[in-house]
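Hello,

Here is the structure you asked for.

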Amino acid sequence: MSPHVLVLGGTTEARELAAALAARPGVRVTSSLAGRVSRPGTPAGEVRVGGFGGAEGLAGWLRAHRVDAVADATHPFAETITRNAARAAAATGVPLVVVRRPGWQAGPGDRWHPVPSLDSAASLLPGLGRRVFLSTGRLGLAAFAHLTGLHFLVRSVEPPEPPLPEDTRVVLARGPFTVPGERDLLRAHRIDVLVTKDSGGAATAAKLTAARELGLPVVVVRRPPLPEGVTAVPDVRTALERLAPTTG
Ligand code: NAP
């Protein structure tokens, strides 16, 4: 029977992985999306949308759909689904490969302030600037909602939901972004501090270069750790190598 791979998705890497697996003769690939964005790019192969119902639900799905391997290519900050994938893989004995693009590294001229959480980022902000570019995505903005006296520019793919800080302007946009575009945005909104998650990857890195060029401080929220005992591969190519025993 055709080997069946479940790709936990929502990222560029997941789409690349699904495309590469679907191109392998005889391999069945299903991509799973959380259903948070209304117009996700459609991955190659089969697609299912929505939560599984925790680790137990995911384990049940793996059994019911005779999955031979799971590739967790979710976003580095999608902590819960990654934990659930590790538990479900352990419970079912299905091999798991986790893909995590490397985090960003500060270079000369960067004024980065690493913090462990969005709450810590919010605590730090009043000491760093008054006009904030919040590029942490639509989820988690509640951590900043109590901040008064600061202006926030929020960029997200879908409109954010309350609670938001009282002085917030929203721009809807989907990456990839360019350095000139980011520089123009930061200047046009007279931004004096930027907040980002350490998402890594090229698609959203331009804002960091633009901030460096403009001499702006950047609050960088560190990644949550991987579940205990789980190691990740850094790219799609290595993930495909790891999946080779299952997919040929
Ligand atoms: P999360 O906090 O780790 O997951 C919360 C719940 O959402 C999970 O328990 C699961 O529900 C469901 N879920 C998450 N990813 C799923 C997937 N790929 N397929 C099916 N169900 C999924 O996740 P999140 O941070 O909200 O991220 C949701 C999605 O957006 C992920 O696919 C992620 O790759 C993508 N994304 C996240 C970020 C970010 O900053 N967090 C940025 C870009 C893209 P059940 O327990 O019911 O299974």
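What is the volume of the second largest cavity? It is about 30 Å³. First, the ground rules. This is a predicted model, where local features need pLDDT of at least 70 and side-chain atom pairs count only at pLDDT 80 or more, while totals for chains, interfaces and linings use all residues. Residues are numbered from 1 along each chain as its sequence is written, and side-chain values use heavy atoms, with hydrogens and water left out.

Cavities

A cavity is a set of points, on a 1 Å grid over the protein atoms alone, where a 1.4 Å probe fits but cannot get out; lining residues have an atom within 4 Å of a point. Grid points are joined across faces, edges and corners, and a volume is the space filled by probe spheres set on the points.

The whole structure holds two cavities of 30 Å³ or more. The second largest cavity is lined by G9, G10, A14, R15, S31, L33 and P43. Two elements, α1 (12-22) and β2 (28-33), each give two or more residues to that lining. Helices (H or I, at least four residues) and strands (E, at least two) are DSSP runs, numbered from the N terminus.

The largest cavity has about 40 Å³ of space. Its lining is T11, E13, A73, T74, H75, P76, V99, R100 and R101. That makes three nonpolar, three polar and three charged residues. Here Ala, Val, Leu, Ile, Met, Phe, Trp, Tyr, Cys and Pro count as nonpolar, Asp, Glu, Lys and Arg as charged, and the others, Gly among them, as polar.

Second largest pocket

A pocket is an open set of grid points with protein on both sides within 12 Å along at least five of seven lines. By class, the lining has six nonpolar, one polar and four charged residues.

Ligand

The ligand has 23 residues around it, and G9, S32, R36, F52 and K197 come nearest. A residue counts if one of its heavy atoms lies within 4 Å. By class, this shell has seven nonpolar, twelve polar and four charged residues. The helix α3 (79-92) gives the most, with four residues.

Backbone N or O atoms also lie by ligand oxygen atoms: G9 at 2.6 Å, G54 at 3.0 Å and A78 at 3.3 Å. A polar contact is a pair of N or O atoms within 3.5 Å. The protein buries 78% of the 810 Å² that the ligand exposes when taken alone; these areas come from the Shrake-Rupley method with a 1.4 Å probe.

Best wishes

Methods: Polar contact = N/O pair within 3.5 Å; in protein donor to acceptor, adjacent residues only side chain to side chain.
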